[in-house]
Amino acid sequence: MLITTTDHGATAVITPRGNVDHEALPALLTAASSGLPPTVTHLTWNFEHSGFVDVAGLHLLDQQRQACRIAHRTLTVTGLSRQPLRILQLADELFPAKHWRDFLPSSQPLTAF
């Protein structure tokens, strides 16, 4: 798993390349928790190079939602291909109280505070 983080002042983009699964989750969480300066007010997870996301991806997004709320950041998810999009749709259908719809493309960026 290759993970790229780009920082453009108030905006940071984290782009994993490879499957977002249980094996990749620790590295993804580390990438998000280390190195983002406090000046970042908007975080984007770009999954355009991740064709497969399993339940670990849901854990990642749930954790990132909480972390962004604490840090007073907005959170956006982009680049969802067919399979990652479908897992988010299924999660939203099965567990609507978790607000997985916030991460779907038709949603506006999630305001974390």
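Q: Into how many nonpolar, polar and charged residues does the lining of the largest cavity divide?
A: The model is predicted: local features need pLDDT of at least 70 and side-chain atom pairs pLDDT 80 or more, while totals for chains, interfaces and linings use all residues. Residues are numbered from 1 along each chain as its sequence is written, and side-chain values use heavy atoms, without hydrogens or water. Ala, Val, Leu, Ile, Met, Phe, Trp, Tyr, Cys and Pro count as nonpolar, Asp, Glu, Lys and Arg as charged, and the others, including Gly, as polar. The lining of the largest cavity divides into 8 nonpolar, 1 polar and no charged residues.

Q: What is the volume of the largest cavity?
A: A cavity is a set of points on a 1 Å grid over the protein atoms alone where a 1.4 Å probe fits but cannot get out. The structure holds 1 cavity of 30 Å³ or more. With volume taken as the space filled by probe spheres set on the points, joined across faces, edges and corners, the largest cavity has about 50 Å³.

Q: Which helices each supply at least two residues of the lining of the largest cavity?
A: Lining residues have an atom within 4 Å of a point; among them are Phe 47, Val 53, Gly 57, Leu 61 and Ile 87. Helices are DSSP runs of H or I with at least four residues, and strands are E runs of at least two, numbered from the N terminus. The helices that each supply at least two lining residues are H2 (55-71) and H3 (82-94).

Q: Where is His 72 found?
A: Most residues other than glycine have a negative phi. His 72 is not a glycine, yet has a positive phi of about 60 degrees. His 72 is found in the loop between H2 and strand E4 (74-78).

Q: What is the relative accessible area of His 99?
A: His 99 lies in the segment after H3. Its phi is positive, near 60 degrees. His 99 is partly exposed, because its relative accessible area is 47%.

Q: How many Å apart in space are Ala 32 and Thr 5, C-alpha to C-alpha?
A: Ala 32 is found in helix H1 (residues 25-33). With a relative accessible area of 10%, Ala 32 is buried. Ala 32 and Thr 5 are 27 residues apart in sequence, and their C-alpha to C-alpha distance is 8.6 Å.

How values were computed
On a 1 Å grid over the protein atoms alone, a cavity is a set of points where a 1.4 Å probe fits but cannot get out, and a pocket is an open set with protein on both sides within 12 Å along at least five of seven lines; lining residues have an atom within 4 Å of a point. Buried means under 20% relative accessible area, exposed over 50%, partly exposed in between (1.4 Å probe, protein chains only).
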